[in-house]
Amino acid sequence: MRKPSISIGLSIFIATLGIVAVILLLTSLVFRAVFSQTLDDVVESQSREINKQIVMNFEGYINSVIETANYIQFASFDLDAEVDAATLTELYQTNADMKKDVVAVFLFDDSGRPVIGPTLDFSLGDSVVELPWFLLARDLKEIFHFSAAGESSIAGDRDEGVISVSKSIEYTRNGLVADGVLLIELNDGSITDLASKTNLGDGGHLLILDDQDSLLYSSESAPGTMSAASYPLARSLYLGGMRAEIERVDMYLYVNTLLHTRWRIVTVSNVDEINGAVHRLSGILMAIFVAAVAVSAAVAGIISLRVSRPVTQLRKVMRRIEEGDFSVPVVVAGQKEIVLLAHSFSSMVQKIQELMARLVAEQREKRKTELRALQNQINPHFLYNTLDSIVWLAENQRTNDVITTVVALARLFRISISKGENFIPVQDEIAHVKNYLTIQTIRYQGKFTYELELEPGMADMKVMKLILQPLVENAIQHGVGDDDGHIAIRGMIEGDGMVFRVSNTGYGIPGSKIAEMYETMRGGAEHPSVGMRNVYQRLKLYYGEQSDITISSVQDESTTMTIFIPLDNREGRQP
Amino acid sequence: MTTSRALSSALLVAASIASLSLGACDREEPAVGLFLYNEADPYIREFAKQIMEESGNTFTPVQYDAGNSQLIQNEQLESMLSKHPALMMINPVDRLSSHSIVRKLQAEGIPGIFFNREPLSADLALWEKTYYVGARAEQSGQLQAQLVMQLFGGHPKNLNDYDRNGDGRIQAIILKGEQGHQDAEIRTREVLRSFEAAGFMMEVLALEIANWNRDEAYAKMGNLLRDYQLQVELVVSNNDAMALGAISMMRQAGMFQDTNQNGRIDRADDLWIPVVGIDGLQEAEKSIAEGYLYGTVKNDSLSMAKAIVELSGIVLGRIDPATAQYPLEDGTYIWIDYRPFVSEE
């Protein structure tokens, strides 16, 4: 068997609580992970949408610029720059005036000399060949070049910051197709306007990087610490997005390319709200967890008590029954199984009780039977001897003695029978012995004398009948010889018991003989004194081990046999 | 003991949940993305089909349609890149956006094959594992001019009967794709430049922009015929769609007749004037067979698809570069020639 483990109640409690806690914890963790992932996805996709919206705004704007440029380009090819100079100049001017963000429109020939457009800034002379936008346009003819390097307008009468849009085009001059460069200057405020329309959250901002990763524009109002941190991140971001913590604020950077340019637009959105929401959720989950564990602890406690209490009750009852106390009623309330078990146990206990009672009764019956058998054994011996002596008296014509003997025998038998009672008053027992001695005195013709002495208080005490006679019979056998023998019978209370002493004069009995007599009494050999053994065994049977017969002898003087009957058992162990 | 059993079973559940998210990882086939600028463009649709068919036995690209939006394409590229593909085949929406795309590919170490729209060479040079497969736009205009010169007898000083008015100059209407569009500009420029270089005298009656669109060309041709029907000797279109639109309008105006009843439109007739396109659409081929459209210049998408697939095989290490049918030029480019397509008269 394994060593005793924890109780049923405790294991139910721990198991229930453990399962609830583990499941709840797992659920909470999974839920939290899914929630924060979903929230991440939602917020990030929101940021991406904002970015796309911004880029689309810019695209729309750039498309409109390119449309204008294409129109001017087509007109420059269609009209002759020399012949239709006035018309073309007006067309350039109109386009610059019509759109408020267009500062000026120029056409240069491939040597950088102005063909059409407003007067150039004085410092430039009449050639722009060294300017970056011109070099770019000549270098790569097919595309529009956007430069936003913080230049100011090259027009003589304007002095604002511009974005230069340049492209190599073909135009007609004096009927011939010539290569030139078209320049459209845009007010750099247009970008600011487009960028300011969007909400990127607290600290959110927008960066525009060119193909050299230079920062063209930052929407952050003051020369900011935010963009100082976001710019290096944006430099290494070409497509897609990333999460970053900037100035202790959770930000989401997302980048997109800008149509017709090699630029990219990076939006930096504040996504700190995610953390707040996740924290709130964690708090709620924690509260739910604690509440649920508390509730399940209470429920588990109640259940385990309800299960374990009847079991504990049953165990207590069982322990008392183990100790031999069958009187405990087996009453257990609680779960059906336990109650059924208790019922079964109860009927088992009843059965055991019945069996035990029957066993005791059988034992008692057996004892009575034995006792009667032993009592009955006395009669034939004595009857035989007495009848023998009556025959002898009759042969010798001693009529008076025959009468005395027969009367004594009749009394003796009456006491012997005692209406079937096994226990009789001590005085009756003494009377019985007296009758016996009367018979024996006649038989032995005065060869012995006797005396009877009884402590007065004992007369009415009850004693098992026919215990003295066999001892007296024995004393006569051993004590009556040629000389005058004397037999003394005394009854007295000594200590906690009744004592009957039967002593006789004579040679005494040697020690070896006494041992033999003890042996005989205890049920060894049959021989010689059937009566002594009978008394001894009856004493033991009725009065228990305390009762005893002892034999003592003084060589050439006397022999004494003593019966001891414990007082509390003097009426036997049975009612 | 009950507690520990409950705990272990809970752990088991957790473990099985975790194992679900894992697994299903390694596959034999390399992940390859095919990014199209716009599936609504029939040419691109056919091109994509050819690429898919050609690549069929080597790998299966995952196809994305950007719907003509670079923003959408950026997202598609980003989502594919997060799966660490072996190769990206990209038809960019905006050729200049390729700058960022190439840098992203370089940062991720993923090779890329661009096609149909050519990134700037400076951008392709940023990352050695980027390639371009395509045709030279100039060539289409040059071939278109050659077809026309062939028809007019091949000698600039001695034009044949197709010079209807016999003035030694060819009166032409030009249908341009899109103002400012790279291909439209190059095709237009190159066709005119080729005539000039060969000494053919051209008189451009009108240069009309029809945005690559058949219906728009049809509508605009109406006005042009009203002004120039009697003078026009040639219609040059930047693509087949606009050429077919123009023909519809010209037929409506009574041109293109089967005078000799041979079931084919007759060129000798004054009512026939040559219209040339570019692309080689199926419908254009049909029109050529019927005798309406004079000719077209085919953009050889099948060869391009083959070249792309072969190059993919080389990049993926499945084909020995030495056996390549379409060798790389400058380690970056594969140029596929345009092919002139006319019917024999």
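Reader: Does D109(A) count as buried or exposed?

Author: Quick ground rules: this is a predicted model in which local features need pLDDT of at least 70, side-chain atom pairs count only at pLDDT 80 or more, and totals for chains, interfaces and linings use all residues. Side-chain values use heavy atoms, with hydrogens and water left out, residues are numbered from 1 along each chain as its sequence is written, and chains are lettered from A and ligands numbered from 1 in the order in which they are written. Buried means under 20% relative accessible area, exposed over 50%, and partly exposed in between (1.4 Å probe, protein chains only). At 8% relative accessibility, D109(A) therefore counts as buried.

Reader: How many salt bridges does the structure hold over all chains?

Author: Take one example: R243(A) and D40(A) form such a bridge, with their closest N and O atoms 3.1 Å apart. That pair links distant parts of chain A, as R243(A) sits in strand 8 (residues 240-246) and D40(A) in helix 1, 203 residues apart. R243(A) is partly exposed at 29%, whereas D40(A) is buried at 18%. Over all chains the count is 30.

Reader: What is the relative accessible area of R264(A)?

Author: R264(A) forms a salt bridge with D213(A), the closest N and O atoms being 3.0 Å apart. D213(A) lies in the loop between strand 6 (205-209) and strand 7 (215-218) of chain A, and R264(A) in strand 10 (residues 264-270), 51 residues apart. D213(A) counts as buried at 7%. R264(A) is buried too, with a relative accessible area of 0%.

Reader: What area do chain B and chain A bury between them?

Author: The size of an interface is often given as the accessible area lost when the parts come together. Buried area is the accessible area (1.4 Å probe) that two parts lose on being put together, summed over both. Contact (heavy atoms within 4.5 Å) takes in 34 residues from chain B and 34 residues from chain A. With 62% of it on carbon and sulfur atoms, the buried area is about 3100 Å².

Reader: Which residue of chain B meets D213(A) in a salt bridge?

Author: Across the interface of chain B and chain A there are 6 salt bridges. In one of them, D213(A) comes within 2.4 Å, N to O, of the side chain of R103(B).

Reader: Which helix of chain B gives the most to the side of chain B that touches chain A?

Author: Helices and strands are DSSP runs numbered from the N terminus (H or I, at least four residues, for helices; E, at least two, for strands). Among the elements of chain B that each supply at least two residues to the side touching chain A are helix 1 (2-21), helix 3 (70-81) and strand 7 (202-209). With 7 residues, the top contributor is helix 3.

Reader: Are the rings of Y333(B) and W335(B) stacked or edge-to-face?

Author: Rings of Phe, Tyr and Trp (its six-membered ring) pair if their centres lie within 6.5 Å; planes under 30 degrees apart count as stacked, over 60 as edge-to-face and the rest as tilted. In chain A, partly exposed F35(A), at 26%, lies in helix 1 (residues 8-78) 4 residues from F31(A), about one turn of the helix, and F31(A) is partly exposed at 43%. Y333(B) and W335(B) have ring centres 5.1 Å apart and planes at 5°, so this pair is stacked.

Reader: Is A66(B) buried or exposed?

Author: A66(B) lies in the loop between strand 2 (62-65) and helix 3 of chain B. Leaving aside residues up to four places away in sequence, its contacts include L36(B), Y37(B) and V93(B). At 0% relative accessibility, A66(B) therefore counts as buried.

Notes. Salt bridge = Lys/Arg side-chain N within 4 Å of Asp/Glu carboxyl O.
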